[in-house]
Amino acid sequence: MNLFKYSSPATFYPLAGKMIPWFAIAAAILAAIGLYVGLIVAPTDAQQGEAYRIIFIHVPTAWMSMFIYVVMAFWSALALGFNTRLSAMMAQSLAPTGAIMTFVALWTGAFWGRPTWGTYWAWDARMTSELILLFLYFGIIALRNAIEDTRRADRACAVLTLVGVVNIPIIYFSVHWWNSLHQGATVSLTRAPKMASMMLTGMAIMALAAWFYTIAVSFARVRSIMIERERDAGWVAALPEVRHG
Amino acid sequence: MSEFFAMGGYGFYVWWSYGVAAVAVIAEILAVRARSRRTVEEARLLQPEGFTAPATGGVR
């Protein structure tokens with residue numbers, strides 16, 4: 001199979017359209033199961049009581065906030081290096097979802113911090129670097145809106161995204177590098193998990209749901225971006241939803 | 001049931017977290033849908049009246 005065939009908007013548009021419902025359904029089912037496990041099945045935490053249940057939103061969105069940025073940086077590097085149209089569009093499409101994930105991670109972190117640490121916010125390394133991530137997403141979106149010429153906007157946003165990627169390891173390792181109010185990693189590849197298996201299961205299912213949600217929503221958005229950018233192209237005129245009659 | 005919503009006294013924090021997350025997801029889905037409808041409609045209006053592009057799809 002020639003994968004490059006799908007790297008043109010004309011072929012990716014209908015392919016994405018076919019895949020979106022499947023990713024969306026998978027996300028909805030996983031979220032329903034994850035919420036059931038997280039809110040009902042998982043036991044009460046011995047130290048934090050029921051407050052810990054915020055973890056089922058907080059950790060998956062925090063992971064996605066960083067992961068989406070890395071994927072954006074990957075597409076940005078491709079767009080800069082090879083001048084590929086679709087990669088710049090994918091980078092553009094991911095930014096709002098990344099910003100939303102970051103916002104939700106910060107918000108739920110604040111509402112978890114208050115009952116467990118006694119404060120909604122602290123200028124701690126983990127929280128500050130995550131807040132910088134939110135501003136990076138806002139900055140990338142604002143930069144795109146500020147530049148009229150699409151190709152120049154692509155390049156400028158790609159450069160900003162790639163510069164900002166240094167923030168990701170800072171967020172990730174902040175709890176090791178600095179004395180932090182934020183706790184260390186809950187899940188690690190090298191150590192046994194520090195939580196009950198049902199808690200871990202609920203978190204893993206919610207993380208998968210967040211993945212599928214991100215794929216579905218970014219594919220849906222990139223379809224709009226494709227039309228916005230190439231509305232004069234023949235393939236747009238030939239789309240069944242665009243043709244007259 | 002009310003015991004479930006009380007969340008052992010942490011209901012305020014738990015439901016403000018879950019609520020805002022739910023609103024964010026719903027708002028994003030609605031925004032993406034609206035954008036999709038708008039862009040398709042704009043592309044439709046760009047097509048010359050009475051002109052029907054061949055339904056080849058995928059060919060530039």
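**Entry 1: one residue to start with**

Leaving aside its neighbours within four places in sequence, which residues is A:Ala105 in contact with? I found A:His58, A:Thr61, A:Ala62, A:Ser65 and A:Glu130. I noted the rule too: two residues are in contact if their C-beta atoms, placed from the backbone, lie within 7 Å.

Before going on, I wrote down that this is a predicted model, in which local features need pLDDT of at least 70, side-chain atom pairs count only at pLDDT 80 or more, and totals for chains, interfaces and linings use all residues. Residues are numbered from 1 along each chain as its sequence is written, while chains are lettered from A and ligands numbered from 1 in the order in which they are written.

Back to my residue: A:Ala105 lies in helix H3 of chain A. Is A:Ala105 buried or exposed? A:Ala105 is buried, because 25 other C-beta atoms lie within 10 Å. The cut-offs are 20 or more other C-beta atoms within 10 Å of a residue's own for buried, 12 or fewer for exposed, and anything in between for partly exposed, with C-beta atoms placed from the backbone. I also looked up A:Leu134, which is 29 residues from A:Ala105 in sequence and 10.0 Å away in space, C-alpha to C-alpha.

**Entry 2: the two chains**

I looked up the elements next. Chain A has eight helices and zero strands, and chain B has two helices and zero strands. Helices (H or I, at least four residues) and strands (E, at least two) are DSSP runs, numbered from the N terminus.

The C-alpha atoms of chain A fill a box of roughly 60 × 35 × 30 Å along the principal axes. Of the 245 residues in chain A, 41% are buried; for the 60 residues in chain B, the share is 18%. In chain A, 78% of the contacts with a separation of 6 or more are between residues 24 or more positions apart.

**Entry 3: H3 beside H4**

How do I describe two packed helices? I use the angle between their axes and the distance between the axes. The axes of H3(A) and H4(A) (residues 125–146) come within 9 Å and cross at roughly 150°. That makes H3(A) roughly antiparallel to H4(A). Axes are lines fitted to C-alpha atoms, for helices over the stretch in contact, and angles run from 0 to 180 degrees between N-to-C directions.

Among the residues that meet here are A:Ala99 and A:Phe103 in H3(A) and A:Leu131 and A:Tyr137 in H4(A). By class, this contact of H3(A) with H4(A) has 14 nonpolar, four polar and two charged residues. Ala, Val, Leu, Ile, Met, Phe, Trp, Tyr, Cys and Pro count as nonpolar, Asp, Glu, Lys and Arg as charged, and the others, Gly among them, as polar.

**Entry 4: H1 beside H7**

I checked another pair. The axes of H1(A) and H7(A) come within 7 Å and cross at roughly 155°, and these two helices are therefore roughly antiparallel to each other. Their contact has 27 nonpolar, five polar and one charged residues.

**Entry 5: where the chains touch**

How many residues of chain A are in contact with chain B? I noted 41 residues of chain A, in contact with 33 residues of chain B. H1 (9–41), H3 (85–117), H7 (197–229) and H8 (234–237) of chain A each give two or more residues to the chain A side. The largest share, 10 residues, comes from H3(A).

**Entry 6: two positive phi values**

A:Asn83 has a phi near 60°, a positive value in a residue other than glycine. A:Asn83 sits in the loop between H2 (55–82) and H3 of chain A, and counts as exposed because it has 12 C-beta neighbours inside 10 Å.

B:Met7 is not a glycine either, and has a positive phi of about 50°. I found B:Met7 in the loop between H1 (2–6) and H2 (11–46) of chain B. With 20 C-beta neighbours inside 10 Å, B:Met7 counts as buried.

Key:
Angles under 35 degrees count as roughly parallel, over 145 as roughly antiparallel, 65 to 115 as roughly perpendicular and the rest as oblique.
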